[in-house]
Amino acid sequence: MSSSLAPAARGNRMAMLVIALCWLVVLFDGLDMFIYGSVLPHMLEQHALGLEPSMAGDLGSYATFGMLVGALSSGTLTDLIGRKKMIMACTALFSLASALCAAAPTVAVFGLGRTLAGLGLGGLLPTAITMVSDYAPRARGAFVIGALMTAHHVGGILSAYVALWIVEPLGWRAAFWVCVVPLVIAVPLVARYLPESLSFLVAKGRTTEAHELATRYNVEMPTAAKEARAAGDRWYALAQLFRGREWIQTLMFWLASFGGLLLVYGVATWLPTMMRGEGYELGSSLNFVVVFNLGGIVGMLVAGRCADRFGAARISAIWFLLTAVGVYLLSVHMPLGLTFTVVFLTGLFLNSAQTMIYATVAGYSTSANRATAVGWTSGMGRFGAVFGPWLGGQLLANGAANWGFTAFALSAVFSTVFITLAGLRMSRRNPEQPAARSVAATA
């Protein structure tokens with residue numbers, strides 16, 4: 001009996017190893033993404049590199065623009081070099097880019113570093129999600145993806161403590177040197193222990209190697225026909241998003257994602273600075289980042305359950321509306337305990353609201369174009385991720401920092417409207433699967 005259980009046990013251990021390694025690199029992804037917003041108040045106060053508020057917003061947008069390019073190009077590059085190598089390359093890229101930021105002599109060089117970091121950050125997350133999906137235990141794929149996304153918020157929490165414990169005594173450059181750590185820790189671990197994706201091996205005709213891995217770790221073997229068909233139908237699946245009147249639904253999803261990611265990355269970049277502008281001390285402002293990301297972790301773990309029961313589009317709309325209320329309340333100076341509560345709830349609703357957009361798209365789409373629909377919804381939404389940090393910088397530069405909360409609250413209302421309209425149109429169509437069944441958490 002023990003021998004019959006051994007393959008499954010090995011498979012489960014292998015799945016846990018893959019998930020753990022991907023969780024580690026996504027944690028560093030979150031650290032690198034949030035570190036700029038965490039050290040920004042200190043950089044502005046010290047006029048580091050001659051930095052001004054309007055320039056700070058532009059620098060924040062450089063990273064998100066790089067993420068846009070990285071996200072849209074990661075699929076093609078992964079098809080060429082494989083998912084394991086792509087994870088290693090992306091992690092190495094944003095680590096080396098952080099070294100460039102740490103050593104930057106001018107704002108221009110610093111901006112180049114943030115742009116290059118964005119390329120790595122944008123390419124890593126979808127690749128890691130695909131990798132854990134390949135090795136996730138059967139019927140646990142959505143849970144595994146949600147668990148993986150918690151690493152991004154743990155990285156955000158870590159960024160606040162790096163800023164709090166390291167920046168004050170050692171300066172802002174030290175924080176970016178910390179972001180070089182994955183190059184010497186995560187990349188060697190991935191190179192040594194992470195197996196290649198079975199789907200990639202089959203697509204490349206390396207079936208012997210794929211069979212060996214699948215047998216050794218009791219992982220389901222993908223078929224070559226399925227992989228070839230997926231590659232051949234790539235452009236056909238994109239065209240299906242616009243057939244007939246489907247372009248209306250597609251546009252609504254894209255607009256909802258635009259507003260959601262504008263809000264996510266705008267708040268991630270400017271929350272400490274805006275809270276300090278409201279009169280809170282730097283330590284409290286950075287603690288708000290911690291609480292905001294704790295809310296994000298809880299939100300990722302509970303949103304799927306709510307969507308399973310009530311529908312992903314409905315939950316996304318309600319969550320965005322509650323986010324609008326929470327963000328607007330942050331412009332009101334409240335007792336510290338109440339403010340922390342509002343920040344926690346805002347983080348809970350905001351991050352999982354965006355995730356539920358992807359779940360809605362996944363449920364609405366057919367099996368033939370689901371991956372394309374979710375991927376392009378994420379990619380188009382990243383234009384909002386570019387605009388959000390820029391908008392916050394412009395408001396601060398023009399002495400309208402208080403309007404930052406209002407602008408981001410309006411962005412949440414914007415997403416509420418479009419995901420609601422999308423949900424109403426969906427109610428006239430019998431979807432292939434419940435919208436919350438597949439939570440593709442590509443933030």
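This briefing describes the predicted model of one protein, from its overall make-up to single residues. The protein contains 18 helices and zero strands. Of its 443 residues, 57% are buried. The average pLDDT is 78, and 79% of the residues score at least 70.

**Overall make-up**

- Among contacts in the protein with a separation of 6 or more, 83% are between residues 24 or more positions apart.
- The protein exposes about 18,000 Å², and 66% of this area comes from carbon and sulfur atoms.

**Confidence along the chain**

- Residues 227-232 have a pLDDT that stays under 50. For this stretch the model has four contacts beyond four places in sequence.
- Residues 431-443 also have a pLDDT below 50. This stretch has 44 contacts in the model beyond near neighbours in sequence.
- Where pLDDT is low, the predicted coordinates should not be read in detail.

**The salt bridge**

- The count of salt bridges in the model comes to one.
- This salt bridge is formed by R114 and D32, whose closest N and O atoms are 3.0 Å apart.
- R114 belongs to helix 4 (residues 107-135) and D32 to helix 1. The two residues are 82 residues apart, and the pair links distant parts of the chain.
- Both R114 and D32 are buried.

- A nonpolar patch on the surface is formed by L17, V184, I185, L189 and Y193. Together these residues have about 420 Å² of accessible area.
- V184, one of the patch residues, lies in helix 7 (residues 181-184).
- V184 has a relative accessible area of 60%, and it counts as exposed because this value is over the 50% cut-off.

**The loop between helix 1 and helix 2**

- Most residues other than glycine have a negative phi. Two residues in this loop have a positive one, as the next points show.
- H47 is in the loop between helix 1 (2-46) and helix 2 (53-81). H47 is not a glycine, yet its phi is positive, at about 50°.
- The relative accessibility of H47 is 48%, so H47 counts as partly exposed: the value lies between the cut-offs of 20% and 50%.
- L49 is found in the loop between helix 1 and helix 2 as well. The phi of L49 is near 60°, a positive value in a residue other than glycine.
- L49 has a relative accessible area of 24% and is partly exposed.

- Leaving aside neighbours within four places in sequence, T250 is in contact with L241 and F242.
- T269 is found in helix 13 too. With a relative accessible area of 4%, T269 is buried.
- T269 touches Y36, G37, L40 and P389, not counting residues up to four places away in sequence.
- T269 and F34 are 235 residues apart in sequence, while their C-alpha atoms are 6.9 Å apart in space.
- M275 lies in helix 13. M275 is buried, with a relative accessible area of 0%.
- M275 and H333 are 58 residues apart along the chain, and their C-alpha atoms are separated by 9.4 Å.

Terms used
Residues numbered from 1 in each chain as written. Predicted model: local features only at pLDDT ≥ 70, side-chain atom pairs only at ≥ 80, totals over all residues. Heavy atoms only, no water. pLDDT = per-residue confidence, 0-100. Contact = heavy atoms within 4.5 Å. Patch = residues over 30% accessible without salt bridge, like charges linked within 9 Å, V, L, I, M, F, W, Y side chains within 5 Å. Areas by Shrake-Rupley, 256 points an atom, 1.4 Å probe, with all protein chains shown as cover. Salt bridge = Lys/Arg side-chain N within 4 Å of Asp/Glu carboxyl O. Helix = DSSP H or I, 4+ residues; strand = E, 2+ residues; numbered from the N terminus. Buried < 20%, exposed > 50% of the residue type's maximum accessible area, 1.4 Å probe, protein only.
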